[in-house]
Amino acid sequence: MSHPPMQLMADSPVKVNNPGGAPEPASPEDQKKMEAAYAQMKRKMAISEMGKTIKHKIMVLSGKGGVGKSTVATGLALSLAQKGLKVGLLDIDITGPNVPKMMGLDGRRLNVEGGRIHPAEGHLGVKVISMAFLLEDEDSPVVWRGPIKLGAIQQFIGDVEWGGLDYLIIDFPPGTSDEPLTVAQNLPDIDGMVIVTTPQDVALLDSRKSITFANSLKVDVIGVVENMSGYTIRGKAPAGTAIELAAPGGKTIKVTTDDNGDWAGTLDIFKAGGGERTANDFGVPFLGKLPFDPGFVRGGDDGVHRIVSEPEGESSVAFAKVVTEIQDIVESGSNGPGLEII
Ligand SMILES: Nc1ncnc2c1ncn2[C@@H]1O[C@H](COP(=O)(O)OP(=O)(O)O)[C@@H](O)[C@H]1O
Ligand SMILES: [Mg+2]
């Protein structure tokens, strides 16, 4: 029985001039094309493998910078790790090397072995890959042309040896730019995104943009977190003393010391409740509030995140609550934006 001649697609790198006979040896350009196609195929296989070996993938986004997105992304990763889960943190922000700093990995460079990228291990065993690992000098700003940046993101998705993970948290630069789009297009089975907002109205408007953006990307919104929400001050006075605190906006907060003589009052330094309002307006879950905590700033500077330095502290407890909400949503598969996809 004779076989029909082998059919090659029009754009195949292998050219056959004598149909039915043996293909001629490939030219150097064709060889390059074949190698590129092979590398692409290997990357696709690695990505599809990632789909299986990483149980949950969460993008952390905000409309604008400075709302504490990197602090929150790092905190979520650490809080999940605190619960004994295997966690990875992918930091795609080339402009600010905050994540390596907060994870105690300042100055690290990319570790490539056998053609695969190996993550660095930060606090609590969290595996970290950061764009900052590619920088020669952290103090000089990096201007990458779009295609190079997006190529690096694709490589970070396909070529990293994460091993098995329960959660992969992905931090982005501020704004609704190309980076989340590239990740959403290349990484399969993303559980959804967590939107970080501060209680202020301006931040609120911007995070609304993020939600609409999530929608047009077809990535579910897991929910909204309100960061820098309320600053708790504490003090001591004789037991049962009534104390009046002058709060912003001319308000007064009344507190009374407990039996040990401790008092605590929470001041809303920014307007209160913005995150919850955004979540309600869009019909997405409100995941909780994270307090304004000067320890985050210090932690960012000295490389020890608040969750590591004070695992039982107020901020760690607040993060743990938010993480439980997120786990409930993604592990039950009930995440959905409740919005029409445009
Ligand atoms: N809850 C918080 N309380 C106090 N400071 C915070 C809090 N969250 C973030 N910060 C501080 O705000 C600044 C910006 O945070 P960062 O996480 O880099 O924001 P983004 O990634 O959104 O640009 C940092 O100095 C950080 O330490
Ligand atoms: Mg950031």
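## Helix 7

In this predicted model, Gly274, Gly275, Thr278, Ala279 and Phe282 of helix 7 (residues 274–282) are buried, a residue being buried if 20 or more other C-beta atoms, placed from the backbone, lie within 10 Å of its own. These residues lie on the same side of helix 7, because they cover an arc of only 135 degrees around the axis; the arc is that of the directions from the helix axis to the C-beta atoms. An α-helix has 3.6 residues a turn, so residues three or four places apart point the same way. Gly283, which follows helix 7, has a positive phi, near 70 degrees.

Helices (H or I, at least four residues) and strands (E, at least two) are DSSP runs, numbered from the N terminus. Residues are numbered from 1 along each chain as its sequence is written, while chains are lettered from A and ligands numbered from 1 in the order in which they are written. Local features need pLDDT of at least 70 and side-chain atom pairs count only at pLDDT 80 or more, whereas totals for chains, interfaces and linings use all residues.

## Shell around ligand 1

Ligand 1 is surrounded by 19 residues, of which Gly68, Lys69, Ser70, Thr71 and Phe296 are the closest; the criterion is a C-beta atom, placed from the backbone, within 6 Å. Helix 2 (69–82) and helix 8 (294–302) each supply at least two residues of this shell, and helix 8 gives the most, with four.

## Nonpolar core

The largest nonpolar core has 68 residues. Such a core is a set of buried Ala, Val, Leu, Ile, Met, Phe, Trp, Tyr and Cys residues joined through C-beta atoms within 7 Å. Helix 2 gives the most to this core, with seven residues.

Ile169 is among the residues with the most contacts inside the core. Leaving aside residues up to four places away in sequence, Ile169 touches Ile58, Val60, Ala73, Leu76, Ala77, Val87 and Leu89, with contact meaning C-beta atoms, placed from the backbone, within 7 Å.

Eight strands form an open sheet of mixed pairing, in the order 5-6-2-7-1-8-9-14; two strands pair if DSSP finds at least two bridges between them. Strand 5 (120–121) and strand 14 (286–289) each have a single partner strand, so one side of each is left without a neighbour in the sheet.

Strand 1 (residues 54–61) and strand 8 (residues 192–197) run parallel and are joined by four bridges. Leu61 has Ile195 as its bridge partner in strand 8.

Conventions:
A residue is buried if 20 or more other C-beta atoms lie within 10 Å of its own, exposed if 12 or fewer, and partly exposed in between; C-beta atoms are placed from the backbone. Two residues are in contact if their C-beta atoms, placed from the backbone, lie within 7 Å.
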